[in-house]
Amino acid sequence: MEISITKADKIGKLKMLIVPMFEDIPFAKTCPEEIKDMVELRRQDGDFEGKEGQSLLLFPDYEGFPVKVLLIGFGKKAGLNATKVRCEVAVAIKSAKNHKVQEVGFYMVKELYGFAQSIAEGFVLSNYNPAKYQTGKKKEENEKKDVKKVFVVSAENNRKAEKEYERALDKGLQIGEAANLVRDLVNGPHNMVNADVMVEEAEKAAKQSNSSVLILEEKDMEKMGMGAMLGVGEAAEYEPKMVIMEYKAKGAVTKAPVVIVGKGITFDSGGYNLKPSQGMDAMKMDKAGAAAIIGTFRLLKKLGIRRNVIGILAITENLIGPTAQKPNDIVTAYNGKTIEVANTDAEGRLILADAIAYGVKKYKPDCVIDLATLTGAIIVALGERHAGLFSNDKELGEKLVIAGESTDELVWPMPIHEDVKEKVKGKLADLVNWESSGMAGPCKGAAFIEEFVGGNKWAHIDIAGTAYVKEPKKYDHHGATGYGVRLLIEFLEQI
Ligand code: BES
Ligand code: MN
Ligand code: ZN
């Protein structure tokens with residue numbers, strides 16, 4: 001998608017103009033001169049009040065004015081926030097899609113200047129087209145619905161304001177596109193997005209942020225003693241890979257980096273603790289943590305992030321076969337701890353164990369954040385809107401909560417009780433990756449991971465519910481949401 005700023009006298013060529021309206025501001029004050037009377041009549045008739053989620057299509061029939069004008073209700077200006085803006089913009093874009101208008105105008109009123117980034121995010125996120133693999137007529141029809149260009153039209157002549165929101169629009173566009181790439185990676189099935197593809201995408205992303213990349217192959221991991229990661233990848237079709245990306249910021253605030261770690265299981269069958277059919281459905285999404293880190297790395301340099309950032313991706317598949325890890329196998333992790341694999345389906349914590357242990361040993365980080373589709377139980381507990389947040393540091397946790405609120409990638413603090421920490425202590429080995437009680441599943445996952453953070457500041461974000469959804473938000477789609485990019489970028493900018 002392209003977003004560009006256009007002069008008001010050029011809008012006549014547009015097929016559709018989106019005009020935002022507020023419930024608590026007289027319509028005549030914010031809308032274009034040409035449609036003032038028309039809009040006021042619609043209000044009097046009760047057709048449109050500017051309420052959140054409301055929209056109304058008008059056909060003004062003025063020469064030199066767009067044929068279609070789409071009024072979009074933004075609710076009360078007084079209660080407006082970034083989340084609402086993204087949603088309202090999505091209502092507009094989805095309507096443009098239905099009308100197959102590939103070039104639309106957006107009437108930028110001064111009430112929205114401060115929301116330019118969210119506006120652009122809304123444009124790009126809601127314009128995402130998930131039907132990548134259709135063919136023929138269906139594909140053509142589908143592609144006709146893509147909005148190719150948005151012309152942002154300034155309601156008033158204010159060059160200075162325009163310059164400022166132009167920058168914010170571009171930032172929103174970049175963030176939206178990175179999130180859409182994450183969606184593609186997460187929606188991509190295993191026969192299309194395998195470990196090698198993930199590595200290629202990581203390399204591309206690292207290049208975009210001038211980051212160096214180190215790829216640990218199976219033999220490297222063997223030498224280094226990453227037995228937890230290798231155990232999971234034992235029966236993989238594609239060799240397991242650990243990808244390490246190093247971003248060195250210009251004018252970094254502090255030397256110690258933020259280490260972000262992503263679970264990259266390209267398919268999770270459960271292993272010998274095989275998932276039932278229903279549970280296996282959509283397990284291509286089990287790489288959403290790693291994908292979010294790839295998306296974030298695309299942006300670090302472009303957005304001038306002033307933090308040193310290390311991205312670590314643990315990439316493999318959890319399959320069955322003669323060589324596959326068996327229940328009760330005992331593996332040794334990178335930090336020397338031994339683990340009894342009581343359940344091969346609790347594989348996420350195993351691969352994160354090695355990735356995190358490596359990250360803290362090598363980089364002495366300021367903090368570590370891992371993103372992982374770790375447990376189905378977090379979906380039961382929190383649903384699809386909040387990810388589960390586990391942290392050993394109050395301040396770090398709070399910063400993530402705040403970043404979540406402003407980006408609408410919400411996280412909800414969850415506990416790790418001392419008694420739960422006992423549950424991951426092993427009888428035969430140092431640790432065990434599963435116990436049968438069925439209680440506090442997501443917390444036990446977090447407690448297990450904490451064994452590998454070496455006392456560093458750390459947060460674990462369980463994104464099983466938020467990364468891939470059945471009931472999407474207005475600007476999302478069924479399936480992958482691209483969760484994590486906005487959250488991590490906001491966090492890195494704010495700390
Ligand atoms: N990848 C799954 C978690 C998951 C489930 C993500 C549903 C998205 C939707 C993870 O590897 C897993 O299998 N977790 C087990 C943990 C259990 C064995 C302790 C689960 O949730 O059942
Ligand atoms: Mn699993
Ligand atoms: Zn998994």
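Leaving aside neighbours within four places in sequence, which residues is alanine 357 in contact with?

1. **Alanine 357.** The contacts of alanine 357 are Tyr334, Asn335, Leu352 and Phe452, its neighbours within four places in sequence left aside. Contact means heavy atoms within 4.5 Å. Alanine 357 is found in helix H12, residues 348-363. Helices are DSSP runs of H or I with at least four residues, strands are E runs of at least two, and both are numbered from the N terminus. With a relative accessible area of 4%, alanine 357 is buried. Buried means under 20% relative accessible area, exposed over 50%, and partly exposed in between, with a 1.4 Å probe and protein chains only. Alanine 333 lies 24 residues away from alanine 357 in sequence and 8.3 Å away in space, C-alpha to C-alpha.

2. **Basis.** This is a predicted model; local features need pLDDT of at least 70, side-chain atom pairs count only at pLDDT 80 or more, and totals for chains, interfaces and linings use all residues. Residues are numbered from 1 along each chain as its sequence is written, chains are lettered from A and ligands numbered from 1 in the order in which they are written, and side-chain values use heavy atoms, with hydrogens and water left out.

3. Donors are N, O and S atoms within 2.8 Å of the metal (3.2 Å for Na, K and Ca); water is not among the atoms, so sites may look incomplete.

4. **Neighbouring metal.** Aspartate 268 coordinates both the zinc ion (ligand 3) and the manganese ion (ligand 2), which are 3.2 Å apart. Lysine 263 lies in strand S9 and aspartate 286 in the loop between H10 and helix H11 (288-299), so the pair ties together parts 23 residues apart in sequence. Lysine 263 counts as buried at 2% relative accessibility. Aspartate 286 counts as buried at 1%.

5. **Largest pocket.** Its lining numbers 43 residues, with Lys275, Met283, Thr375, Gly376 and Ala377 nearest the centre. A pocket is an open set of points on a 1 Å grid over the protein atoms alone, where a 1.4 Å probe fits, with protein on both sides within 12 Å along at least five of seven lines; lining residues have an atom within 4 Å of a point. H13 supplies the largest share of the lining, three residues.
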